[in-house]
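Colleague: I have a few questions about this model before we discuss it further. Could we go through the packing and then the interface?

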Amino acid sequence: MVEWTEFERATIQDVFSKMNSDVVGPQALARCLIVYPWTQRYFGNFGNLYNAAAIMGNPMVAAHGKTVLGGLDRAVKNMDDIKGTYAELSVLHSEKLHVDPDNFRLLADCLTIVVAAQMGAGFTPAVQAAFQKFIAVVVSALGRQYH
Amino acid sequence: MSLTAKDKAFVKAFWGKISGQADAIGQEALGRMLIVYPQTKIYFSDWSDFSLDSPQVKKHGKTVMSAITDAVGKMDDLTGGLSTLSDLHATKFRIDPVNFKILSHNILVTLAVHFPVDFTAEVHVAVDKFLAAVSAAIADKYR
């Protein structure tokens, strides 16, 4: 089981409660599709992903970004059993969506950068450490049911 | 994943905006790395202070970031331009190249914190590619 310090628990709740998820989710996914363009392979039916402007303005990308962040919220509310919380989602990403689990890391990095830009100086090294630890646990849980 | 003309243009333009704060960015990126990825401290076992405002972090952050700023002017031949630094890293420092990726990530985080508007997705991909190319050039002489 993952051990969380009081600081880490408080930081995760604080960061996510202040987060504008309607903005952060879409921005993080769009950034992932732009910075790591091979991730576009999973979104063949999303229409125009031709350039950065198209991706940033694509409504399907925005909608899916919100979905992904909604999924993260489940981990925020169940920090003591992220593994169990994500078991079904892990099977889904493996068996149905066929997403390379390394791509979770790429999206996680983009999410970190978007949150850093939103929080500015509030994204201190200690907050960054807590946030990245949390995201790493989520990424690990998502990759657990791959066969 | 080589640097296109567009990438080089984005990197040069963005560096023009940040060059005045390069030293501080280097200090913060290094400081973040040492705190968020504590295993990286092993390369600085003789340091006494790993905090963000430690004089050692400040000095070394400036050294590293100055070299990266220099590399902006060498994008047409990074392997050649960074050859001496590569020798140094290969034979003297022997830093495992995985750490170049870690430092690069912390540079990107620092840029996002301080330039949230200018650090657009297009600038992000160009700078990420540039830092990856610099890392490869530094690791060039490793074996």
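Colleague: Which residues does B:Trp15 touch, leaving aside those up to four places away in sequence?

Modeller: In this predicted model, B:Trp15 touches B:Met65, B:Ile68, B:Thr69 and B:Val72, as well as B:Val127 and B:Phe130, with residues up to four places away in sequence not counted.

Colleague: And which residues have the most contacts inside the largest nonpolar core?

Modeller: Those are B:Trp15, B:Phe130 and A:Phe134, in a core of 77 residues.

Colleague: What does the second core include?

Modeller: The second core is separate and has 17 residues, among them A:Cys32, A:Leu33, A:Ala52 and A:Ile55.

Colleague: Turning to the interface, how much area do chain B and chain A bury between them?

Modeller: They bury about 1,600 Å², and 68% of that is on carbon and sulfur atoms. The contact takes 21 residues from chain A and 20 residues from chain B.

Colleague: How many salt bridges are there between chain B and chain A, and how many residue pairs are in polar contact?

Modeller: The salt-bridge count is zero, whereas seven residue pairs, both residues at pLDDT 80 or more, are in polar contact across the interface.

Colleague: Which elements give two or more residues to the side of chain B that touches chain A?

Modeller: Those elements of chain B are helix H2 (22–36), helix H6 (98–114) and helix H7 (121–138). The largest share, six residues, comes from H6(B).

Colleague: How do the residues on that side of chain B divide?

Modeller: On the side of chain B that touches chain A, 13 are nonpolar, four are polar and three are charged.

How values were computed:
Residues are numbered from 1 along each chain as its sequence is written. Chains are lettered from A and ligands numbered from 1 in the order in which they are written. This is a predicted model: local features need pLDDT of at least 70, side-chain atom pairs count only at pLDDT 80 or more; totals for chains, interfaces and linings use all residues. Side-chain values use heavy atoms; hydrogens and water are left out. Contact means heavy atoms within 4.5 Å. Buried area is the accessible area (1.4 Å probe) that two parts lose on being put together, summed over both. A salt bridge is a side-chain nitrogen of Lys or Arg within 4 Å of a carboxyl oxygen of Asp or Glu. A polar contact is a pair of N or O atoms within 3.5 Å; within protein, one must be able to donate a hydrogen and the other to accept it, and residues adjacent in sequence count only if both atoms are side-chain atoms. Helices (H or I, at least four residues) and strands (E, at least two) are DSSP runs, numbered from the N terminus. Ala, Val, Leu, Ile, Met, Phe, Trp, Tyr, Cys and Pro count as nonpolar, Asp, Glu, Lys and Arg as charged, and the others, Gly among them, as polar. A nonpolar core is a set of buried Ala, Val, Leu, Ile, Met, Phe, Trp, Tyr and Cys residues joined through side-chain atoms within 4.5 Å. Buried means under 20% relative accessible area, exposed over 50%, partly exposed in between (1.4 Å probe, protein chains only).
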